[in-house]
Amino acid sequence: MPDFYASVRTFGTMAKNKKRKKNNSTRSIQQIHAARYKNEVMEQLAYLCYLIDGIELFNLIPQQYKDAIYCTRGALRIVSGYGKKIQRRLAEVMEKGLRKEMSRHTIEVVKGSGKMMLLDNFLTVGVSLYILLTDEKCFFRGKERFAPFYRDNHNMRDLFIREVEKYIPLYCDFYSDLKRNVLYDFWTKTKLYYPLPGETVAGRFTLQVVIEPFELEVKHFRINSETHLGTKLMCIEHDPERKAKSGYDENTKFTLSYEVCVNHKHLDPKSGFPDLPVCVYIQKHAVDRLMERTWCPFPNWIHSCLAKAMFDPKVVRLPDNRFLFEYHIVGIKIGYLLATLVDGALLIRTFLFITNSGTPEGRRLEELTGLQKEDKKYLSIDNLRALANSDIEQNETVHDIFLRAGFGSILELCKRVRERDRNFSWLINHSENQTSLSHLITEYLKPGADNDEFVEIEDD
C-alpha cells in the first residue's frame, strides 16, 4: 500500500513550490503560525473525540489520518451564481458574517446525547472526520468506537449543511435592497475530498454558498388619478424537498424565492375567499420613511421585518380600503405600515411611527396629554433614536402615561437600549448623555377632548 504520509507531504511540497521564495525570517514566522494553527485544529479534533466517546479516541487515530483531516479541514465560501454577479466585497462581508453566526450555534455530535459542538469548529474537523470514517477503505484499530458518530448517528455532513442553511436566508434578506429592487437568493453545494491512503491530498471539504441576485418586479398603480410605483415584496425560504435543479449535481441544495402575500381574510373578515392570497407591493416612499423614522442606516436592514409583518399580520382596518399593519423590529413594535388595497394587490404606501397621530397609540397619547404634531416634533417624540435614549422609561409619571397610551413596546425598547442590547446597537447614543424628556413632557400635560374618529393619516 502506498505511503499516505508521503502523499500528504507531496501536497504540502506542491503548495510551497507555487510560492515565490522568501527570506529565512519570513519563512520562520510563517512556519510558527502554521504549526500553531495546526495545534489548534488538533485540539478541536481532540475535543470532538471527547464528545464522541472519550478523549482517548484521539490517540486511536493514526497520524496519517490526522494529517489528512488537517489538510482537508472544512472551508466556507460565498460565490456568485451563474446569472448576475455579486460584488466581491459583499461576498467577503457575507462570508465573514456567516462564519461569525456559525460560532454562536451548535450541532449535536451524537444523536440523543445532548453533546454539542460549535458549527464553526465542526466545519473545521467534524465533516472531514465523518467523511474519513464512512469510507470503507479507511480502517484502523479502534475504529468501532467511533460508530456512535459515523454509523449509528445522523448523516452528519447533511445535518451540518441543513443547520448552516437555517441562517443563510437571514443574510440574504439582510443584504437585499428594496431601493435598488434587488433580492438575493441562494443555493448550496459542496466540494468533497475523500482522504484515502495512496491518493494525493489535493483539496478540502468546501461548503459553497452560491448567491444569485435578481431584480424585483415593479408595477404601476393608479390611485386618485395619480400613478404610484410599487416594488413586489419577496422573501426566500429553504425548500425542504431539496428539489433538483437542472444543470447542477445531485448534492445541490437551494432555496426558493417566493412572493409575500396576505390572506384576504385579514383584509375582510367576511370574505367569501378567506385564503385568497393578495400580493404585497411597497413604494420607495415607504422605505424612505422607514429609514428616516427608525434611524435605519441601510434599506436592507428592514427587508426581513417587512416580510414578517405580513406573515401573521395584526391589522387595523381604516376607511377607503386602507389598513395599518403592525411593524416590529426584534420583537418590538415601533409603528405601522399604511397600505391600500388597489387593483387586487396590497400597496404599502408609507410607514407611521408609533407616536404618529394616525396610529391608535398616537391618538391616545394626544387624548391623554394634548400633544400635537409640532409638540411631538419639538420634543423629538417622533424620533426613534431620541426616544429610545430618553429617560421616559425611568420616570414614574411619564412611564404611566406612555403605558396607558399603549407604548409598552417603546418603554421596553428604552430599557433595552439603556442596557446596551446589541440587537439595537444602531440606536444607542454613545457620545451624548441620556436625553431628559420627562420634565418637558409634563409641561405639556393638559386634558384632551373625547374624539372617537381617526385623525387624518399623516403621509409627509
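In which sense do S6 and S7 pair, and over how many bridges? The model is predicted.

1. Strands S6 and S7. The pairing of S6 with S7 is antiparallel and runs over 6 bridges. S6 covers residues 218-223 and S7 covers 226-232. One of the bridges can be named by residue: Arg222 has Thr227 in S7 as its bridge partner.

2. The turn of this hairpin. There are 2 residues between the strands S6 and S7, and Asn224 in this hairpin has a positive phi near 50°. Ser225 lies in the loop between the two strands. The phi of Ser225 is also positive, near 65°, although the residue is not glycine. Ser225 counts as exposed because its relative accessibility is 63%, and the cut-off for exposed is over 50%.

3. The loop at Asn321. This residue sits between strand S12 (315-318) and strand S13 (322-329). Asn321 is another residue other than glycine with a positive phi, here near 55°. Its relative accessible area is 45%, so Asn321 is classed as partly exposed.

4. The largest nonpolar core. This core holds 121 residues. Phe149, Phe160, Tyr327, Leu337, Ile392 and Ile410 have the most contacts inside it. Helix H6, residues 119-134, contributes 10 residues, the most to this core. A separate core of 7 residues lies apart from it and includes Ile223, Cys279, Tyr281 and Ala345.

5. Surroundings of Tyr327. Tyr327 belongs to S13, which spans 322-329, and is among the residues with the most contacts inside the largest core. Leu337 is itself one of the residues with the most contacts inside the core.

6. Helices H6 and H8. Two packed helices are described by the angle between their axes and the distance between the axes. For H6 and H8 (residues 156-165) the angle is about 155° and the axes are 10 Å apart. An angle over 145 degrees counts as roughly antiparallel, and H6 and H8 are therefore roughly antiparallel to each other. Their crossing is left-handed. On the H6 side the contact is made by Leu119, Phe122, Leu123, Val127 and Tyr130. H8 supplies Met156, Arg157, Phe160 and Glu163.

Technical notes
Residues numbered from 1 in each chain as written. Predicted model: local features only at pLDDT ≥ 70, side-chain atom pairs only at ≥ 80, totals over all residues. Heavy atoms only, no water. Core = buried A, V, L, I, M, F, W, Y, C linked by side-chain atoms within 4.5 Å. Buried < 20%, exposed > 50% of the residue type's maximum accessible area, 1.4 Å probe, protein only. Helix = DSSP H or I, 4+ residues; strand = E, 2+ residues; numbered from the N terminus. Pairing = 2+ DSSP bridges. Axes fitted to C-alpha atoms, helices over the stretch in contact; angles between N-to-C directions. Parallel < 35°, antiparallel > 145°, perpendicular 65-115°, else oblique. Left-handed = near helix turned anticlockwise from the far one by under 90°. Contact = heavy atoms within 4.5 Å.
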